[in-house]
Amino acid sequence: MILASGSLARRVLLEESGLTIQLRPVDVDEESLRRACEAAGKSLGETAMALAEAKAVKSAERGEETDLIIAADQILDLEGEAFAKPKTLEEARNHLRTLRGRTHRLQTAVVLYRGRRKIWSNLAVPELTMRVFSDMFLEAYLEREGKTLLGCVGAYRLEGPGVQLFSSICGDHDAVLGLQRLPLLEALRAQNALLT
């Protein structure tokens, strides 16, 4: 089983589930693919799925036809506006100020490929509401988390102090972390990759 990602959160979710995986992170020009999806009129959910599929295909190019490849992507959706990972801490600060006191969705796409053939996909859309936190809290949070936030859509990690940013979360917690495990495990059992 291959995970076409360098995401620590996704790796931990799979390993905690008892899966033995091989990491095969890939480089995909996500910005170009996002623009192409937008030009084609695709929704943010469809765009997340296209990105996950592109990662799986790229990973398949470096492997065997029998490889089971898991790939995922996540887009923060604030009323139809997509947020990418912040490039600087100032951008992270601005993202969090924009999200403060508002509800956003995480378009979380996961695919399973056998070699270059897609055999399963799933899209989950949890909703998260940030509380109205103070600027003092924001600055303390940015100082504590630092550059780790640059690898996080929305500039938060729910598996860390970022959970304090929220007043409510509705939906699959695993999908918030970037990989909905229960549907994936069922798909793996259907492929006889796990004991039934």
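Guide: Welcome! A residue counts as buried under 20% relative accessible area, as exposed over 50%, and as partly exposed in between. Please keep in mind that this is a predicted model.

Visitor: Why is Glu145 called buried?

Guide: Glu145 has a relative accessibility of 8%. Buried means under 20%, so Glu145 counts as buried.

Visitor: What makes Glu145 and Arg157 a salt bridge?

Guide: Their side chains meet at 2.9 Å, N to O. A salt bridge needs a side-chain nitrogen of Lys or Arg within 4 Å of a carboxyl oxygen of Asp or Glu, so this pair is a salt bridge. Glu145 sits in helix H5 and Arg157 in the loop between H5 and strand S8 (166-170), so the bridge ties together parts that are 12 residues apart in sequence.

Visitor: Why do you count Arg181 and Glu16 as a salt bridge?

Guide: The side chains of Arg181 and Glu16 come to 4.0 Å, N to O. The cut-off is within 4 Å, so the pair counts as a salt bridge. Arg181 lies in helix H7 and Glu16 in helix H1 (residues 8-16), so the two tie together parts 165 residues apart in sequence.

Visitor: What makes Arg181 buried or exposed, and what about Glu16?

Guide: Arg181 has a relative accessible area of 19% and is therefore buried. Glu16, at 59%, is therefore exposed, since exposed means over 50%.

Visitor: How do you know that Glu127 and Arg105 form a salt bridge?

Guide: Their closest N and O atoms are 3.1 Å apart, and the cut-off is within 4 Å. Glu127 belongs to strand S7 (residues 127-130) and Arg105 to strand S5 (residues 103-114), and the pair links distant parts of the chain, 22 residues apart. Glu127, at 31%, is partly exposed, and Arg105, at 37%, counts as partly exposed too.

Visitor: Why are H4 and H5 called oblique to each other?

Guide: Helix H4 (residues 89-99) and helix H5 (residues 135-145) pack at an angle of about 140 degrees, their axes 11 Å apart. Roughly antiparallel would need over 145 degrees, and roughly perpendicular runs from 65 to 115. H4 and H5 are therefore oblique to each other. H4 passes H5 in a right-handed crossing.

Visitor: Which residues of H4 meet H5?

Guide: Ala92, Arg93, Leu96 and Arg97 in H4 meet residues of H5 that include Leu138 and Tyr141. By class, the contact has five nonpolar, no polar and four charged residues.

Visitor: What makes H2 oblique to H3?

Guide: Helix H2 (residues 30-39) and helix H3 (residues 44-60) pack at an angle of about 140 degrees, with axes 10 Å apart. That angle makes H2 oblique to H3. Their crossing is right-handed.

Visitor: One last stop: why is Gly178 called buried?

Guide: Gly178 has 0% relative accessibility, so this residue counts as buried. Gly178 lies in the loop between helix H6 (173-177) and helix H7 (181-190). Among the residues Gly178 touches are Arg10, Ala72 and Val110.

Conventions:
Residues are numbered from 1 along each chain as its sequence is written. This is a predicted model: local features need pLDDT of at least 70, side-chain atom pairs count only at pLDDT 80 or more; totals for chains, interfaces and linings use all residues. Side-chain values use heavy atoms; hydrogens and water are left out. Axes are lines fitted to C-alpha atoms, for helices over the stretch in contact, and angles run from 0 to 180 degrees between N-to-C directions. Helices (H or I, at least four residues) and strands (E, at least two) are DSSP runs, numbered from the N terminus. Angles under 35 degrees count as roughly parallel, over 145 as roughly antiparallel, 65 to 115 as roughly perpendicular and the rest as oblique. A crossing is left-handed if the near helix is turned anticlockwise from the far one by less than a right angle, and right-handed if clockwise. Contact means heavy atoms within 4.5 Å. Ala, Val, Leu, Ile, Met, Phe, Trp, Tyr, Cys and Pro count as nonpolar, Asp, Glu, Lys and Arg as charged, and the others, Gly among them, as polar. Buried means under 20% relative accessible area, exposed over 50%, partly exposed in between (1.4 Å probe, protein chains only). Lists of a residue's contacts leave out its neighbours within four places in sequence.
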